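Me: I would like to learn how to read some features of a protein model. Could we take them one at a time?

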Amino acid sequence: MLRSDDSVVCEMDVMPTQPAGTFNEYQAYLVLRRAEIATAISKRCQQQVAFYANLDISELKSAAEQILGTLFEALVQGAESHFFSTFTNTIERRIQDGLDVDDALRVPIAYRHEIRLISMQAIQEHVAQAESGMPVLLELLDVVEIRIVERYRQHLRRLEALVGNSLDGVMVYDTQSQITYANQALAHFTGYPKPANLIGTAIENLVALDEHHRFVEEISPALAASGGWQGQIWALRVDGSRWLAQASVFRLVTGAGETAGNGVILRDVTETARAAQDRLRLLLDLETQAAELKQAQQEREALQEEVISAQEAAIRELSTPLIPLADGVVAMPLVGTISTARAQQIMETLLEGIGTHQAHVALIDITGVKVVDTQVADALLRAARAARLLGAQVVLTGIGAEIAQTLVSLGADMTGITTRGTLREGIAFGMADGNANR
C-alpha cells in the first residue's frame with residue numbers, strides 16, 4: 001500500500017475493509033489506555049532524544065495525547081489526513097526549534113513501540129484477537145515517517161537552491177578544517193572551475209598566509225565563546241591573488257550539542273574597500289583644499305579689514321578736515337549730517353589739532369551743515385568748551401538765518417563762542433587775533 005522513494009505515495013484514502021466492531025473495540029481499548037501510552041512515549045523521547053530531555057514532561061504528554069486522539073479517530077472515522085497534518089506539523093515545529101531530523105524520526109518509532117506493547121498487554125480475549133486494527137495503525141505511523149523524510153527533503157532542496165544561487169560565497173568545513181560544501185559563488189570568488197574542486201581543500205589554503213594567525217587569536221576563541229565571528233579577512237584565489245572578504249563564521253552543532261564543523265558566508269568587498277579608500281583620499285584632498293581656502297579667506301578678510309580701516313581713516317579725515325591757516329590759527333569746515341559718532345570725531349580731531357598746532361584760535365565752519373538740531377548744537381558747544389580748556393578761542397562761522405533761528409529756539413548757550421557770518425570773516429578775525437597775540 002505504501003512505497004518510499006523521492007515522493008510520498010499513500011493509498012489509504014479509503015481505510016481497509018474491517019469489521020466495524022473490531023475497530024471500535026480496539027479503539028476503545030487504546031482510548032482507555034491513552035494517558036498511559038502518552039506518558040510512556042514522553043519518557044522514551046526524553047531518554048532517547050537530547051532535544052526532549054530539556055522539555056517539561058507535562059508538555060510532551062499533552063502533545064502526545066493530542067496526536068493519539070487524532071490517531072484513534074483515524075482508526076474508525078478514516079480521518080487520517082487530520083492525523084497526518086497534526087503529527088507532521090508538530091514535528092516540523094520541533095525541527096524549527098532545533099530538533100535534529102534523525103531524532104525527529106525516533107518520535108513515530110516511539111509511538112509505534114509503545115502502542116504495540118500496550119496492545120500485547122491486553123487481557124481481553126476479543127481485544128487481543130482483534131489484531132486487524134494494529135496493522136492499520138502501524139501503517140499510519142509508517143506514513144508519518146515517510147512524510148517527515150519528505151518534508152525534510154523539500155526543505156533541503158529549497159535550502160540548496162537558496163544557498164546554491166546566493167550571490168554570497170557559502171561553505172562548510174569540518175572539525176579537521178576540510179571544506180565539505182561550497183556553492184557556485186565561492187568557486188567564482190576563489191577562481192575554481194566549479195564548487196566540487198573546493199571539496200577536501202583545507203580552509204587555510206583560501207586565506208592569505210599573513211592572516212593565518214587570526215584563526216588562533218580571533219576566530220577560534222570567538223567561535224568557542226559565542227558561536228560566531230564577523231570581520232574582514234584577506235583571502236586567496238587559486239592563482240595566488242588576494243581579495244578582501246567580509247566573512248561571517250558560525251559554529252554548526254549536532255542535536256546533542258556537539259560541534260560538527262563551521263559554516264562560512266563570504267562577500268567580496270575588494271572593490272567596495274578600494275572605492276572607500278578613494279573616497280577617503282578625496283575627502284583628505286578636499287580637507288586640505290578647504291584648509292588652504294580657509295587660510296586664503298582669512299588673509300583676504302584681514303587685507304579687507306586693513307583696507308576698510310584705511311578707508312575709514314581717510315573718510316574721517318575728509319569728513320572732519322582740520323586746516324592750519326597760520327601760526328596759532330586752525331579751521332575745521334563741516335559738511336553734511338552730524339551724527340553722534342561724527343560729533344565725537346569732530347571733538348577728537350579739533351582737540352588734537354589744537355594741541356598739535358599750538359592754536360589759540362579754532363574756526364568751525366558750519367556752512368555745509370544743513371540741519372542743526374539739539375544734538376548738533378550740543379556737540380558744537382561741548383567742542384567749544386573743550387577747546388577753551390586748552391586755551392583756544394572757538395569761532396563759529398557759516399551761521400545762516402535759518403540756523404540762527406534754530407539755535408535761538410533751542411535755547412543754545414553760545415557764551416564764550418565767537419560767531420561770524422562767513423568763513424572769510426572768521427579767517428580775518430582769526431588772523432587779526434593771531435597777530436595781536438604775537
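Me: Which residues form one aromatic cluster here?
Reply: This is a predicted model, and in it F83, F84, F87 and Y111 make up one aromatic cluster.

Me: How many aromatic pairs does the structure hold?
Reply: There are 5 aromatic pairs. In one of them, F83 and F87 have ring centres 5.8 Å apart and planes at 70°, so the pair is edge-to-face. The cut-off for that label is an angle over 60 degrees.

Me: Where do F83 and F87 sit in the chain, and are they buried or exposed?
Reply: Both belong to helix α5 (residues 80–96), and because they are 4 residues apart, about one helical turn separates them. Both F83 and F87 are buried.
A pair can also link distant parts of the chain, as F189 and W243 do. Their rings are tilted, at 5.4 Å centre to centre and 45° between the planes. F189 lies in helix α10 (residues 184–190) and W243 in strand β6 (residues 242–253), 54 residues apart. F189 and W243 are buried.

Me: How should I read a salt bridge, and how many are found in the whole structure?
Reply: Look for a Lys or Arg side-chain nitrogen within 4 Å of an Asp or Glu carboxyl oxygen. The whole structure has 12 salt bridges. One of them joins D142 and R112, with the closest N and O atoms 2.8 Å apart. D142 is in helix α9 and R112 in helix α7 (residues 106–120), so this pair ties together parts that are 30 residues apart in sequence. R112 is buried, with a relative accessible area of 15%, whereas D142 is partly exposed at 32%. R112 and D142 are also linked with E145 in a network of salt bridges.

Me: What separates R214 and E218 in helix α11?
Reply: About one helical turn, because they are 4 residues apart. R214 and E218 form a salt bridge, the closest N and O atoms being 3.1 Å apart. R214 counts as buried at 12% relative accessibility, while E218, at 32%, is partly exposed.

Me: How much space lies in the largest pocket, and which element gives the most to its lining?
Reply: The largest pocket holds about 830 Å³ of space. It is lined by 28 residues, and V101, Y152, L156, L159 and L252 are the closest to its centre. Helix α9 gives the most to the lining, with 9 residues.

Me: Which residues form a nonpolar patch on the surface?
Reply: Y152, L156, L159 and L162 form the patch, and together they have about 370 Å² of accessible area. L156 is found in helix α9 (residues 133–164). L156 counts as partly exposed because its relative accessibility is 33%.

Definitions and conventions. Residues are numbered from 1 along each chain as its sequence is written. This is a predicted model: local features need pLDDT of at least 70, side-chain atom pairs count only at pLDDT 80 or more; totals for chains, interfaces and linings use all residues. Side-chain values use heavy atoms; hydrogens and water are left out. Patches are made of residues with over 30% relative accessible area and no salt bridge: like charges are joined within 9 Å, nonpolar side chains (Val, Leu, Ile, Met, Phe, Trp, Tyr) within 5 Å. Accessible areas come from the Shrake-Rupley method with a 1.4 Å probe; for residues, only the protein chains shown count as cover. Helices (H or I, at least four residues) and strands (E, at least two) are DSSP runs, numbered from the N terminus. Buried means under 20% relative accessible area, exposed over 50%, partly exposed in between (1.4 Å probe, protein chains only). Rings of Phe, Tyr and Trp (its six-membered ring) pair if their centres lie within 6.5 Å; planes under 30 degrees apart count as stacked, over 60 as edge-to-face and the rest as tilted. On a 1 Å grid over the protein atoms alone, a cavity is a set of points where a 1.4 Å probe fits but cannot get out, and a pocket is an open set with protein on both sides within 12 Å along at least five of seven lines; lining residues have an atom within 4 Å of a point. Grid points are joined across faces, edges and corners, and a volume is the space filled by probe spheres set on the points.
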